[in-house]
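Hi everyone, and thanks for making time this morning.

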Amino acid sequence: MTVVSTARPGQSRMQKLGSYIWKHKYMYLMLLPAIVYYIIFCYVPMGGIIIAFKKFNPMRGILASDWVGLKHFRQLFGLKKFYSVLWNTISISFTRLIWGFPFPIIISLMLNELRLNRFKRVIQTAIYIPHFISWVVLGGILTNLLSADSGIINALIKALGGKPIGFLTDDHYFIPTMVVSMIWKTFGWNTIIYLAALTSVDPQLYEAAIVDGANRWHQLWHITIPSILSTIVVVLILRIGSLMQAGFEQIFVLYHPGVYGCADIIDTYVYRVGLTEGKFEKATAVGLFKSVVNFALIVIANKVARMFGEEGVY
Amino acid sequence: MASKNRIRTSAASKAFDVFNVVFLSLLALSTLYPFWDTLVVSVSSLKSYLSTPMHFWPSEFSFEGYAYMLKKPELWMSYRNTIFITVVGTLINMAITIMAAYVLSKKDLKGHRVFTFLAVFTMMFSGGIIPTYMVVRTLGLMNKVWAMIIPAAISTYNLIILRNFFTGIPKELEESAMLDGCQEVGVLFWIVLPVSVPAITTISLFYAVDHWNDFFSAIMYINSQKAWPLQLFLRSMLFENDAAYSSGGESLFLLGQPMKMAAVMMAIIPILCAYPFFQKYFTKGVMVGAVKG
């Protein structure tokens with residue numbers, strides 16, 4: 001679309017801008033609902049962060065409540081519980097990153113090596129399904145599979161002579177169960193982006209390599225992986241940027257007081273402190289801490305990607 | 001790829017192919033088996049469920065679990081709420097997202113950069129759970145199905161995917177329409193939308209699945225049972241103390257796991273029925289999004 005200026009000489013800048021906007025009024029009008037949405041549900045809550053620096057008085061509202069400075073943060077940083085939920089959040093999502101990040105890459109490379117396209121599609125169809133199922137439903141399915149008395153996993157363990165394991169009740173096994181089930185739910189869907197990148201690799205590269213005597217291993221190492229490397233970096237940046245998200249829905253559905261010690265993450269803690277106990281200021285302070293760390297992580301990951309000559313995500 | 005068929009197949013290469021096929025088949029089975037196990041338990045009688053640890057096939061069929069679930073008015077109420085949220089929510093999502101994505105795909109429109117930044121910034125920084133909750137409460141949305149629709153009216157991720165797709169449409173196509181006297185709005189309806197059907201189907205699908213599975217907004221904003229979506233009803237069936245329910249007539253404890261798995265099936269069946277129809281679209285859609293802009 002080329003924008004032709006309708007302004008005549010002698011008009012002021014404001015008039016020019018006004019006539020420009022008037023000419024494209026329908027365009028701006030179409031953007032309006034989105035702008036209103038972002039202001040009300042994203043930017044007003046960002047302003048609402050000030051509640052973390054106030055003594056909230058429901059009668060007077062957020063704006064008129066008294067300021068208390070950093071009081072809530074000082075209290076927070078003195079709490080053992082705070083460090084525990086912070087540690088849980090980081091360790092859960094870090095474990096997930098280490099195992100869950102390479103897995104879909106390996107699977108998409110394996111899918112890419114399949115010679116039979118129909119077989120490939122069948123596998124893809126199967127492994128995408130869990131992505132479409134909610135954590136409440138998957139939670140129900142997990143309790144069924146992992147039940148100590150009549151779940152298949154423990155039945156197999158018992159058949160091999162082992163003792164049944166409380167995957168969801170024992171705090172030694174709870175986190176590994178969360179990590180494995182999260183990977184199980186997401187790996188299939190996560191292969192899509194790599195498979196998309198793989199389809200755009202120029203077939204001539206492979207032909208030239210074969211002429212030069214390269215075997216499949218050489219081709220994988222020197223053509224396939226380099227051509228999806230930038231996709232891998234972008235996905236890695238996004239993953240690092242979401243390290244503070246340890247999977248609220250999953251943990252909220254499956255955790256119970258018996259595993260709070262290892263499974264209580266920032267988001268579940270904020271939910272309980274804020275919405276169950278009604279301590280809005282404290283919960284907002286925890287949430288703000290999370291948002292700031294999150295933001296820093298995204299910026300740093302992007303900087304590092306640029307240092308290595310990749311484009312970054314913004 | 002045609003080139004691959006011409007590779008001289010060495011023994012190692014063949015061995016790898018066999019391993020590859022076996023491994024991926026097992027992987028696919030491991031994603032499907034949990035659903036099969038659930039289905040089998042849901043149609044087993046409690047007695048046969050308790051007497052056999054492996055549920056490859058029901059040793060004694062019983063549809064008591066389904067009969068019990070189908071009689072519950074809460075199931076139908078939560079179904080109705082979820083269907084409403086999914087249909088109305090997705091329509092609102094699509095209307096706002098299409099309009100915004102189209103405008104943001106015009107890179108020479110004044111303010112384009114500011115508006116794009118406004119949207120993308122929300123992916124990097126947010127006010128957090130509590131301030132958002134306060135806004136929803138102030139707007140009087142608590143305990144209404146609208147609380148699961150309006151605060152989720154746009155997903156920035158989907159907006160960016162669609163904008164990238166619109167940016168990729170050849171400009172000549174739109175310019176020729178402009179010469180024919182079409183306005184910008186007309187171009188969106190007569191030129192852009194018809195060529196974007198796969199992308200739009202995909203994005204609608206993403207939104208619809210998010211609404212169907214939405215559990216987060218439900219536990220944040222919905223307490224009243226009248227507005228319960230399916231996911232909250234399910235959670236109460238699956239994870240809340242059986243004792244709380246056994247007081248109300250029939251004891252859930254007697255129906256046990258088969259009843260719970262019947263509840264799970266009730267939530268999965270609609271998705272599994274729709275899956276074959278939509279699955280050909282989303283691969284394309286994600287590929288669209290993979291093009292960065």
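**Two chains, helix by helix**

Let's start inside chain A: the buried residues of helix 5 pack against helix 6, helix 10 (174-199), helix 14 (260-263) and helix 15 (266-276) of chain A. Before I go on, please keep in mind that this is a predicted model, where local features need pLDDT of at least 70, side-chain atom pairs count only at pLDDT 80 or more, and totals for chains, interfaces and linings use all residues. Residues are numbered from 1 along each chain as its sequence is written, and chains are lettered from A and ligands numbered from 1 in the order in which they are written.

Helices (H or I, at least four residues) and strands (E, at least two) are DSSP runs, numbered from the N terminus. Buried is the word for a residue with 20 or more other C-beta atoms within 10 Å of its own, exposed for one with 12 or fewer, and partly exposed for anything in between, with C-beta atoms placed from the backbone. Two residues are in contact if their C-beta atoms, placed from the backbone, lie within 7 Å.

Back to helix 5 of chain A. Which of its residues are buried? They are Val85(A), Asn88(A), Thr89(A), Ile92(A), Ser93(A), Arg96(A) and Gly100(A). Seen down the axis, these buried residues fall within an arc of 100 degrees, so they line one face of helix 5 of chain A; the arc is that of the directions from the helix axis to the C-beta atoms. As a reminder, an α-helix has 3.6 residues a turn, so residues three or four places apart point the same way. On the other side of helix 5 of chain A, you'll find Lys80(A), Tyr83(A), Trp87(A) and Ile98(A) exposed. The length checks out too: at 1.5 Å a residue, the 21 residues of this helix (80-100) should span 30 Å, and its end C-alpha atoms are 30 Å apart, which agrees. The expected span here is 1.5 Å times one less than the number of residues.

Now over to chain B, where the secondary structure comes to 15 helices and zero strands. Of its 293 residues, 37% count as buried. Helix 10 of chain B (residues 184-195) has Glu184(B), Val187(B), Leu188(B) and Val192(B) as its buried residues. They cover an arc of only 100 degrees around the axis, which puts them on the same side of helix 10 of chain B. Trp190(B) and Pro194(B), on the other side of that helix, are exposed. What covers the buried residues? The cover includes helix 2 of chain A, together with helix 5, helix 8 (156-167) and helix 9 (171-179) of chain B.

Helix 8 of chain B is where Asn158(B) is found. Asn158(B) is buried, with 21 other C-beta atoms within 10 Å. Leaving aside neighbours within four places in sequence, Asn158(B) is in contact with Thr97(B), Ile203(B), Phe206(B) and Tyr207(B).

So how do the two chains meet? The contact takes 76 residues from chain A and 78 residues from chain B. On the chain A side, the largest share, 14 residues, comes from helix 2 (residues 25-47) of chain A. By class, that side divides into 56 nonpolar, 13 polar and seven charged residues. For those classes, Ala, Val, Leu, Ile, Met, Phe, Trp, Tyr, Cys and Pro count as nonpolar, Asp, Glu, Lys and Arg as charged, and the others, Gly among them, as polar.

Each chain also has domains, with bounds from an automatic or database domain assignment. Chain A is divided into domain 1 (13-67) and domain 2 (72-307), and their C-alpha centres lie 34 Å apart. For chain B, the assignment gives domain 1 (2-62) and domain 2 (66-290). Nine residues of domain 1 of chain B are in contact with eight residues of domain 2 of chain B.

Finally, confidence. pLDDT is the predictor's confidence in each residue, from 0 to 100. Chain A averages 88, and 95% of its residues score at least 70. Chain B has a mean of 84, with 87% of its residues reaching 70 or more. Where should you be careful in chain B? pLDDT stays under 50 over residues 1-7 of chain B and over residues 242-253 of chain B. Where pLDDT is low, the predicted coordinates should not be read in detail. For the complex, the predictor gives an ipTM of 0.86 and a pTM of 0.87.
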